[in-house]
Amino acid sequence: GTAGGEFDHLFKVLLIGDSGVGKSSLLLRFTSDTFDDLSPTIGVDFKLKMMSLQGKRLKLTIWDTAGQERFRTLTSSYYRGAQGVILVYDVTRRATFTNLSDIWLKEVERYSTNEDCIKMLIGNKVDLEESERVVTKKEGIAFARQHGCLFLEASAKTSINVQRCFDELVQKILDTP
Ligand code: GDP
């Protein structure tokens with residue numbers, strides 16, 4: 001048929017990380033190709049995005065935490081059935097990087113029901129001045145290697161690497177038997 005709603009695969013992808021790292025902004029950039037500097041919390045629950053890769057039509061449901069991460073109340077239902085997780089930190093705030101191993105990765109391990117869940121690490125806000133950066137690219141690479149994550153530095157503001165992040169994540173999900 002020709003209905004727009006048809007697809008070959010349906011994937012659930014989660015955005016996690018500390019409040020303010022840019023999760024909602026990355027989602028908005030990816031799904032609507034826009035950036036809104038005025039909204040610190042956009043507060044979406046999830047967005048749908050159709051993609052095609054290698055002749056396959058993919059439907060992504062991408063879940064944002066809508067500010068709940070502030071209260072550390074993400075529950076098992078949020079993680080259930082996810083094929084991919086995007087762990088986001090802000091390259092200008094050290095605590096957002098250290099919390100990945102202290103909090104967020106632990107949660108993924110505890111709640112994710114999918115053994116093969118693919119992890120993508122994103123160092124966001126690389127558009128900011130180099131003098132504001134506190135987490136080096138080298139540290140990001142090392143962390144990703146240690147924890148078996150894909151890795152990219154990105155900017156929701158300028159859109160650098162945002163499309164690529166989702167492309168590489170979904171590619172890896174497709175390649176995982
Ligand atoms: P969330 O709480 O993780 O969803 O973060 P938000 O998407 O709400 O972003 C928090 C703040 O950081 C907002 O003021 C955004 O405008 C800003 N922000 C998000 N991404 C970027 C980026 O790539 N570069 C810069 N300079 N600011 C960003």
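Trainee: Which strand does Met50 lie in?
Mentor: Met50 sits in strand S2, residues 46-53. Helices (H or I, at least four residues) and strands (E, at least two) are DSSP runs, numbered from the N terminus. This is a predicted model, where local features need pLDDT of at least 70, side-chain atom pairs count only at pLDDT 80 or more, and totals for chains, interfaces and linings use all residues. Residues are numbered from 1 along each chain as its sequence is written, and side-chain values use heavy atoms, with hydrogens and water left out.

Trainee: Why does Met50 count as partly exposed?
Mentor: Because its relative accessibility is 41%. Buried means under 20% relative accessible area, exposed over 50%, and partly exposed in between (1.4 Å probe, protein chains only).

Trainee: How many helices and strands are there in the protein chain?
Mentor: The protein chain has five helices and six strands. Starting at the N terminus, the order is β-α-β-β-α-β-α-β-α-β-α.

Trainee: What percentage of the residues count as buried?
Mentor: 45% of the 177 residues in the protein chain.

Trainee: Which residues have the most contacts inside the largest nonpolar core?
Mentor: Leu60, Ile62, Ile86, Ile122 and Phe166, in a core of 26 residues. A nonpolar core is a set of buried Ala, Val, Leu, Ile, Met, Phe, Trp, Tyr and Cys residues joined through side-chain atoms within 4.5 Å.

Trainee: Which elements supply at least two residues of this core each?
Mentor: Strands S1 (9-16), S2, S3 (56-63), S4 (84-90) and S5 (118-124), along with helices H1 (23-32) and H5 (162-175). The largest share, six residues, comes from H5.

Trainee: And a second core, what does that include?
Mentor: That separate core has 22 residues, among them Ile16, Tyr78, Leu105 and Phe151.

Trainee: Back to Ile86. What does Ile86 touch?
Mentor: Leaving out residues up to four places away in sequence, Ile86 touches Val13, Leu14, Leu15, Ile16, Met120, Ile122, Cys165, Phe166 and Leu169. Contact means heavy atoms within 4.5 Å.

Trainee: New topic: where is Thr96 found?
Mentor: In helix H3, residues 94-111.

Trainee: Is Thr96 buried or exposed?
Mentor: Thr96 counts as buried, because its relative accessibility is 1%.

Trainee: What does the side chain of Thr96 reach?
Mentor: The backbone oxygen of Arg93, at 2.7 Å. Not counting residues up to four places away in sequence, Thr96 also touches Asp18, Val21, Tyr89 and Asp90.

Technical notes: Polar contact = N/O pair within 3.5 Å; in protein donor to acceptor, adjacent residues only side chain to side chain.
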